[in-house]
Amino acid sequence: GTKVQNIKLIGIVENFFNQGESRVQEICFVYRSEDVVSVDLPENFVQLTEEELTGKDIRPEIIKKIISESQGTISHHIIK
């Protein structure tokens with residue numbers, strides 16, 4: 001595994017949505033790290049800088065706001 005230093009939890013998102021006939025609960029943990037980390041990511045995953053987020057379709061959309069507006073506290077969002 002890759003060891004990342006200087007990492008801080010800045011947000012938690014509980015996202016509820018329908019997928020076909022099922023109701024899904026997705027839990028997203030959003031972290032900020034000042035370290036530059038390069039890892040092999042699974043297919044359909046991308047690594048972006050904070051500046052690159054603005055032009056991308058990031059879901060749930062609240063993640064962009066958490067990253068751009070974090071004030072040193074942990075925010076918690078529930079999307080139903």
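The model is predicted: local features need pLDDT of at least 70, side-chain atom pairs count only at pLDDT 80 or more, and totals for chains, interfaces and linings use all residues. Residues are numbered from 1 along each chain as its sequence is written, and side-chain values use heavy atoms, with hydrogens and water left out.

**Hairpin**
- Strands β1 (residues 7–19) and β2 (residues 22–33) run antiparallel and are joined by 12 bridges.
- Two residues lie between β1 and β2 in this hairpin, and Gly20 in the turn has a positive phi of about 65°.
- Val24 in β2 is the bridge partner of Phe17, and Arg23 in β2 is that of Asn18.

**Sheet**
- The three strands form an open sheet in the order β2-β1-β3, with mixed pairing.
- Because β2 and β3 stand at the edges with a single partner strand each, one side of each has no neighbour in the sheet.
- On average, neighbouring strands of this sheet are turned by 10° against each other, direction ignored; axes are lines fitted to C-alpha atoms, for helices over the stretch in contact, and angles run from 0 to 180 degrees between N-to-C directions.

**Helix packing**
- Helix α1 (residues 62–69) packs on the sheet and touches β1, β2 and β3, with contact meaning heavy atoms within 4.5 Å and a helix being a DSSP run of H or I, at least four residues.
- The direction of α1 makes about 165° with that of β1.

Definitions and conventions
Pairing = 2+ DSSP bridges.
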